[in-house]
Amino acid sequence: MGVEETLAQLVAIDSTSSKSNGAVVEYALARAVAAGLRARVTSYRDDRGTEKFQMLAFAPSETEEVELALVGHTDTVPFDASWAEALALTEREGKLYGRGACDTKGFIAAAITAIEETSVRALRRPLALVLTADEEVGCLGAKKLAESKPFRVRHAVVGEPTGLQPIRAGKGYCLADVTVRGREGHSAYPHLGASAVMRAARLVARVERIAGELKAGGHDSFDPPQTTVNVGLIAGGTAKNIIAGECRFTLEWRPVPGQRPEHVVELVEREVESLRAEDEGFECSVRVLRLDGGIETRADAPLVRALEELTGRDAGTISFGTEAPQLAELGADAVVFGPGDIRVAHRTGEFVPASELKEAVTILRGVIERFCAREHQ
Ligand SMILES: [Zn+2]
């Protein structure tokens, strides 16, 4: 079966993160077993009680020491009900449209095809195909793998749309919920209350200042080079003529590799203390929801070099989160790589260029050949 047809079959299975990914894993399992891999599936329940599945498939035999892992996430972001092509892969002018075509079923289709085109029983060193769940909602499946450590990995290609450029470093992803409290009252008598919205505004202004100061601690290979901060949501108060009793906002930051993920939240906590020194009643709680650090694989790591040669592209960096940190926890030099452009992922009309999809098969076959088939790489 060709890579495009494989992608069409993967896209036809709705695997939005909120649903079970059982059918897509079952499909991949059948293909992996038919290709000669030893596969097993593990599962867990997400916090809504939905069962999620992850596939670990090995060649030539099951092992705890994997030489090369190809890792793809099976879940996708949701799609608009009016997008007719979401589950029906459609080609127009060399582009294949469908939810997940780019992020990341294109990579999975290419990985399955590359493995099918390889004599897996003759491999000298162990290859693994790893399919995860719940990447789009916080890399939850990959984190379970990193905790349970079912194997060690030396080199890992983490599938994400990078336009076939090898990516050796990525920023982390961190999120906190900030709640600022005030004292409600009639808005005609401000001195009788304390506005949570005004207090939150003061804190947000401090957050903006922190974001500016972070520019000093940059990491040249990134665009933008520094840890970035965003206040994406803010909500407070109950009516126009009531002094607001509560105001909440989200604090999101993407740390550069080498910086402790806690760094930004510690700076914000310090500002909270300083505001409290000026305003005795300033009450604020910061609840950290995610603290995933950045990751960097050495520029001279064998997998980086191999992918640079095979793609003809220099390795780069990305500013979005991936499962690479979890693969690094499993011991791997991780490189993010895949067909498609991240800028078209997550939107209606997501697509992968058919030519990149085919080229990805050739490149992955080359990586398998170098790391698992040859005596020495
Ligand atoms: Zn993705």
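**Cysteine 139 and its setting**

Cysteine 139 counts as buried, because its relative accessibility is 4% and the limit for burial is under 20%. The model in which this residue is described is a predicted one.

**Residues with a positive phi**

- Most residues other than glycine have a negative phi.
- Cysteine 139, although not a glycine, has a positive phi of about 55°.
- The loop that holds cysteine 139 runs between strand 6 (127-132) and helix 4 (140-148).
- Leucine 164 is likewise not a glycine, and its phi is positive at about 70°.
- Leucine 164 is placed in the loop between strand 7 and strand 8.
- With a relative accessible area of 0%, leucine 164 is buried.

- Histidine 73 in strand 3 (residues 65-73) and glutamate 160 in the loop between strand 7 (152-159) and strand 8 (167-170) are 87 residues apart, and the pair links distant parts of the chain.
- Histidine 73 is buried, its relative accessible area being 0%.
- Glutamate 160 also counts as buried, at 3% relative accessibility.

**Helix 5 and helix 6**

- Helix 5 (residues 196-213) packs with helix 6 (residues 263-278) at an angle of about 140°, and the two axes are 10 Å apart.
- Helix 5 is therefore oblique to helix 6, because an angle must be over 145 degrees to count as roughly antiparallel.
- The crossing of helix 5 and helix 6 is right-handed.
- On the side of helix 5, the residues that meet helix 6 are Arg202, Leu203, Arg206, Val207, Arg209 and Ile210.
- Their counterparts in helix 6 are Leu267, Val268, Glu271, Val272, Ser274, Leu275 and Glu278.

**Cis peptide bonds**

- Most peptide bonds are trans.
- The bond from alanine 59 to proline 60 is cis, with omega near 0°.
- Proline 60 belongs to the loop between strand 2 and strand 3.
- A cis bond is also present from aspartate 223 to proline 224, with omega near -10°.
- Proline 224 is in the loop between helix 5 and strand 11 (228-230).

- Threonine 50 is situated in the loop between strand 1 (38-45) and strand 2 (51-59).
- Leaving aside residues up to four places away in sequence, threonine 50 touches Ser18, Lys19, Ser20, Tyr44 and Arg45.
- Threonine 50 and asparagine 21 are 29 residues apart along the chain, and their C-alpha atoms are separated by 9.4 Å.
- Serine 61 lies in the loop between strand 2 and strand 3.
- Serine 61 is partly exposed, with a relative accessible area of 37%.
- A distance of 9.5 Å separates the C-alpha atoms of serine 61 and leucine 123, which are 62 residues apart along the chain.

Notes:
Residues are numbered from 1 along each chain as its sequence is written. This is a predicted model: local features need pLDDT of at least 70, side-chain atom pairs count only at pLDDT 80 or more; totals for chains, interfaces and linings use all residues. Side-chain values use heavy atoms; hydrogens and water are left out. Helices (H or I, at least four residues) and strands (E, at least two) are DSSP runs, numbered from the N terminus. Buried means under 20% relative accessible area, exposed over 50%, partly exposed in between (1.4 Å probe, protein chains only). Axes are lines fitted to C-alpha atoms, for helices over the stretch in contact, and angles run from 0 to 180 degrees between N-to-C directions. Angles under 35 degrees count as roughly parallel, over 145 as roughly antiparallel, 65 to 115 as roughly perpendicular and the rest as oblique. A crossing is left-handed if the near helix is turned anticlockwise from the far one by less than a right angle, and right-handed if clockwise. Contact means heavy atoms within 4.5 Å.
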